[in-house]
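User: I have a structure open on my screen and would like to talk it through. Can you take me around it, one question at a time?

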There are 2 protein chains.
Amino acid sequence: MTELAAAIAAKVNFDQNGLVPAIAQQHDSGEVLMLAWMNRESLAQTLASGRVTYWSRSRAALWRKGDTSGHEQHLVELRIDCDGDALLLLVDQKGPACHTGERCCFFDRVEGGVVTKAKPAIPPLTRR
Amino acid sequence: MTELAAAIAAKVNFDQNGLVPAIAQQHDSGEVLMLAWMNRESLAQTLASGRVTYWSRSRAALWRKGDTSGHEQHLVELRIDCDGDALLLLVDQKGPACHTGERCCFFDRVEGGVVTKAKPAIPPLTRR
């Protein structure tokens, strides 16, 4: 682990499963793309490579975003919250961030007792 | 629990502790203010009142944002992610969101091996 990664890992309060939630936000538009999880190793790899790498809880494996989909996330800036238990990743997202093909994962809106599909702040690239 | 809250609770995948992470984003500026946690009851109260209410893990109690600080969060729109295990709250935040007095909790930036204070996207209201 690099000095940087060690410093960050010391500042981050990983939970009892060794994970911390990470919010990915498109750096220029401000759109919140997704929330996923990181462990020490995925955080270290993200910092070393600039390619955002999560820990997939369902697959129990490192998950470098875009390796299978091509929809890479490049890290622009990493922020840590005031008590060290959440990360904010300012990223440059290539194509859709969501596995459904939508630009972001937060496309379901709750309104007036029903869940409807929200119009994305940025139209999915696949529709452009 | 209202019909709405029941519907939402059915769609949300609460974790083994009965919690789901909730991202609060200022609805007009796009600034990510904070990440906190909700359980079924806090989600139901948020939907019923429009005042964002979290579950405080440290105090093990409902935490209606602003009750002690005066810095209320008003819900503008609730979104759920594609697999139901994260919430995005579009809010109108009164004053600072962070207990440190900063507008948002993500003011520590990692850059070049050190952690520095990031310039907030929006200056804290207390400094205006």
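User: Let's start with L78(B). Which strand of chain B is L78(B) found in?

Analyst: Keep in mind that this is a predicted model. The stretch to look for in chain B is residues 73-80, and L78(B) lies in it. That element is strand β5.

User: Is L78(B) buried or exposed?

Analyst: The cut-off for buried is under 20% relative accessible area. L78(B) has a relative accessible area of 2%, so it counts as buried.

User: Which residues of chain A is L78(B) in contact with, leaving aside its neighbours within four places in sequence?

Analyst: In its own chain, L78(B) has contacts that include I8(B), L43(B), L47(B) and L87(B). L88(B) and L89(B) are also on the list. From chain A, the partners of L78(B) are D108(A), R109(A) and V110(A).

User: How far apart in space are L78(B) and V91(B), C-alpha to C-alpha?

Analyst: Along the sequence, 13 residues separate L78(B) and V91(B). In space, their C-alpha atoms are 8.7 Å apart.

User: Over to chain A. Where is R51(A) found, and is it buried or exposed?

Analyst: R51(A) sits in the loop between α2 (40-49) and β3 of chain A. Buried means under 20% relative accessible area. R51(A) comes in at 11%, so it is buried.

User: Which side chain does a polar contact join to that of R51(A)?

Analyst: R51(A) touches several residues beyond four places in sequence, among them Q45(A), R64(A), E72(A) and H74(A). The polar contact is 2.8 Å, and the side chain it joins to R51(A) is that of D67(A).

User: What relation do chains A and B have?

Analyst: A rotation of 180° with 0.0 Å of shift along its axis superposes chain A on chain B, at an RMSD of 0.0 Å. That is the relation of a two-fold axis. In chain A, the C-alpha nearest the axis belongs to G30(A), at 2.7 Å. As for how they meet, 100% of the interface residues of chain A are interface residues in chain B too, so the copies use the same surface. In short, the relation is that of a two-fold axis.

User: Where in chain A does pLDDT stay under 50?

Analyst: On average chain A has a pLDDT of 87, with 88% of the residues scoring at least 70. By element, confidence in chain A is highest in strand β3 (residues 53-56), at 98, and lowest in helix α1 (residues 3-11), at a mean of 74. The stretch that stays under 50 is residues 122-128.

Notes: Residues numbered from 1 in each chain as written. Chains lettered and ligands numbered in written order. Predicted model: local features only at pLDDT ≥ 70, side-chain atom pairs only at ≥ 80, totals over all residues. Heavy atoms only, no water. Helix = DSSP H or I, 4+ residues; strand = E, 2+ residues; numbered from the N terminus. Buried < 20%, exposed > 50% of the residue type's maximum accessible area, 1.4 Å probe, protein only. Contact = heavy atoms within 4.5 Å. pLDDT = per-residue confidence, 0-100. Least-squares fit on C-alpha atoms with pLDDT ≥ 70 in both. Polar contact = N/O pair within 3.5 Å; in protein donor to acceptor, adjacent residues only side chain to side chain.
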